[in-house]
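Subject: Structure handover

Hello,

Here is the structure I said I would pass on. Please look it over before reading the notes under it.

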Amino acid sequence: MFDHTACVICTSDLWDDEQGRSICRPCQQRLDTALRSLAGPSGLYARLCLRTQPGKRSSGPSVSGTRGSSMPPNEHVLSLVANGGIASDLECWVKDWASYGLANIGTGGRLQYRVDEAVRTLRLNLTQAALRHPALDEFARELYAIVRQCKTIVDGEKAPIRVRVKCPCGTAVPVTLATDGETCRGCDTEYGHSDILRLPLADRRAAA
């Protein structure tokens, strides 16, 4: 049980019936939604796998009976869907949660199965994690980053514009409007979403 008065993800004050938790219920619901979006045959991971298929490109006007040369698969997408990518990232969190008695480590299998099992395990233990896991803010940042990356590739969404804001210590901290929070590398101050966006824009010459 925690002695927090504010959610560690969005920094909103916790309600009386949320005391003892590290995150508010809306943030827990957002985490659950993000996890669900990755799994299943129509989830972001499965749709991302389809992007590894080579396309076709023609070196000139289409001519009946000729075939264009194959475009190589996107190496960045391959790195995400291969072993060591999204499946492994999720399984690292399963192992981490297991060290707090919150999850059971999976037994392997095909990559889609591993993603689905990791998502199922994390969702199943999310409520208990809100009471017992000390780093759900870090988990949220990594999970949301994975989901945003998948959506950028799968749905063709533009990557969010990044700006730099200035921490009182003088360090420039890169953020986007969609950021869930950041930690200043200069003084290790942790900022929630609303707090980081209240900081002034950094001068272009400010140290990163």
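Overall fold

This is a predicted model. The chain has 208 residues, of which 38% count as buried. Its secondary structure comes to 8 helices and 6 strands. Read along the sequence, these elements follow the order α-α-β-β-α-α-α-α-α-β-β-β-β-α. Among contacts with a separation of 6 or more, 57% are between residues 24 or more positions apart.

Helix α7

Helix α7 covers residues 136-154, which is 19 residues. From its first C-alpha to its last it reaches 26 Å, close to the 27 Å expected at 1.5 Å a residue. The buried residues of α7 are L136, D137, F139, A140, L143, Y144, I146, V147, C150, I153 and V154. In general, an α-helix has 3.6 residues a turn, so residues three or four places apart point the same way. Following α7 comes G156, which has a positive phi, near 70°.

Helices α4 and α5

How do α4 and α5 pack, in terms of angle and distance between axes? Helix α4 (residues 86-98) and helix α5 (residues 111-124) meet at an angle of about 35°, and their axes are 9 Å apart. The crossing of the two helices is left-handed. On the α4 side, the residues taking part are A87, S88, L90, E91, W93, V94 and W97. Their partners in α5 are L111, R114, V115, A118, V119, T121 and L122.

R132

R132 is found in helix α6, which runs over residues 126-132. With a relative accessible area of 37%, R132 is partly exposed, because that value falls between the 20% and 50% cut-offs. The side chain of R132 reaches the backbone oxygen of Y100 at 2.7 Å. Setting aside neighbours within four places in sequence, R132 is in contact with F2, Y100, G101 and L102.

E18

E18 is located in the segment before α1 (25-38). Is E18 buried or exposed? E18 counts as buried, because its relative accessibility is 2% and the cut-off for burial is under 20%. A polar atom of the E18 side chain lies 3.0 Å from the backbone nitrogen of R25. Not counting residues up to four places away in sequence, E18 touches D13, C24, R25 and P26.

Cysteines

How many disulfides does a search of the whole structure find? The search finds 0. C10 is in no disulfide, and the nearest cysteine sulfur to it, that of C27, is 3.7 Å away. For C167, also in no disulfide, the nearest cysteine sulfur is that of C187, at 3.6 Å. C10 counts as buried because its relative accessible area is 17%, under the 20% cut-off. C167 is buried as well, with a relative accessibility of 3%.

Regards

Note on methods: Residues numbered from 1 in each chain as written. Predicted model: local features only at pLDDT ≥ 70, side-chain atom pairs only at ≥ 80, totals over all residues. Heavy atoms only, no water. Helix = DSSP H or I, 4+ residues; strand = E, 2+ residues; numbered from the N terminus. Expected span 1.5 Å × (residues − 1). Buried < 20%, exposed > 50% of the residue type's maximum accessible area, 1.4 Å probe, protein only. Polar contact = N/O pair within 3.5 Å; in protein donor to acceptor, adjacent residues only side chain to side chain. Contact = heavy atoms within 4.5 Å. Disulfide = S-S within 2.5 Å. Axes fitted to C-alpha atoms, helices over the stretch in contact; angles between N-to-C directions. Left-handed = near helix turned anticlockwise from the far one by under 90°.
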